[in-house]
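Okay, quick one from me today.

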Number of protein chains: 2
Amino acid sequence: MPDALRRFKADIFQALAHPTRIAIVEMLRDGDLPEGKLIERLGIEQANASQHLSVLRSKQIVVNRKDGNQVFYSLRSPLLIEVLDIMRRYFHAQLTETMAALGEIEKEHGAAR
Amino acid sequence: MPDALRRFKADIFQALAHPTRIAIVEMLRDGDLPEGKLIERLGIEQANASQHLSVLRSKQIVVNRKDGNQVFYSLRSPLLIEVLDIMRRYFHAQLTETMAALGEIEKEHGAAR
DNA sequence: TGCCTATATTCGAGACTTCGAATATACTGT
DNA sequence: ACAGTATATTCGAAGTCTCGAATATAGGCA
């Protein structure tokens, strides 16, 4: 695989590597929203929201449209939603494995006594 | 979606947010490999490889097994390979869109003359 | 024009990341 | 025990990220 592709992937992952930005992408899953709505739901400073949106914009993950006073943001591709969905499955798989491992340890200790 | 899930996703993305670590994950796609092999193919310093592997280990993305002198690494879940495959599709979609947009601009300029 | 609301940018402090150099640890074979 | 190979850790410098505070820009409306 060419190096440019790996750099691209790394850049996108970097852009997604913050809980607030993941929350933004998730909130845009079903359509566009004005920044004000995002700020309200995220409960963060306005400047901070703009900064995170600027990161997502610079990587072309979101796109914006002006409507009068406000700026509406939307996802540029549904593929990233797919990625987030896989990550949710991954999370659950990890949880399950971890709990199974804990169960094993308990069993061993029980058997040793 | 709970915040813990978003923090988990952000942590995994962070761990993948480096071309070298993406290369490592890709190299482990078809089975485990000793660190020496990874270093050889990556063409980086031994210490650097160990550091990147340590990041992937700390997030449980890879798992290691000792065999005599060497340490074999392997992926803990095929789900991350799925993620990387989607990212490849995403990359191509972006490329295509960008080229289409460039074509549009050219057409407009041509029409304006 | 002047004021209000919505969004963006700049700045600086503190935290985090990345690298190679140096060093530490662990296993193998003699 | 010693030498050699494989891997891990520590350190410090340079770079990057994140936040709130302050400020800038732009649209809407009196």
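Let's start with the surface near DNA strand D, where near means a heavy atom within 4 Å. By class, that surface has 4 nonpolar, 13 polar and 3 charged residues; Asp, Glu, Lys and Arg count as charged, Ala, Val, Leu, Ile, Met, Phe, Trp, Tyr, Cys and Pro as nonpolar, and the others, Gly among them, as polar.

Some housekeeping: this is a predicted model, with local features needing pLDDT of at least 70 and side-chain atom pairs pLDDT 80 or more, while totals for chains, interfaces and linings use all residues. Residues are numbered from 1 along each chain as written, chains are lettered from A and ligands numbered from 1 in written order, and side-chain values use heavy atoms, without hydrogens or water.

Of its atoms within 4 Å of the protein, 61% are sugar or phosphate and the rest belong to bases. A polar side-chain atom of A:His52 sits 2.6 Å from a phosphate oxygen, and one of A:His18 is 3.1 Å from a phosphate oxygen. On chain B, a polar backbone atom of B:Gly36 lies 2.8 Å from a phosphate oxygen.

Now, how much do chain B and chain A bury between them? About 3,700 Å², 71% of it on carbon and sulfur atoms; that's accessible area (1.4 Å probe) lost on being put together, summed over both parts. In chain B, B:Phe13, B:Met87 and B:Tyr90 lose the most area to chain A, together 19% of what that side buries.

There are also 8 salt bridges between the two chains, meaning a Lys or Arg side-chain nitrogen within 4 Å of an Asp or Glu carboxyl oxygen. One joins B:Arg89 and A:Glu82, at 3.5 Å, N to O.

Conventions:
Buried area is the accessible area (1.4 Å probe) that two parts lose on being put together, summed over both. A polar contact is a pair of N or O atoms within 3.5 Å; within protein, one must be able to donate a hydrogen and the other to accept it, and residues adjacent in sequence count only if both atoms are side-chain atoms.
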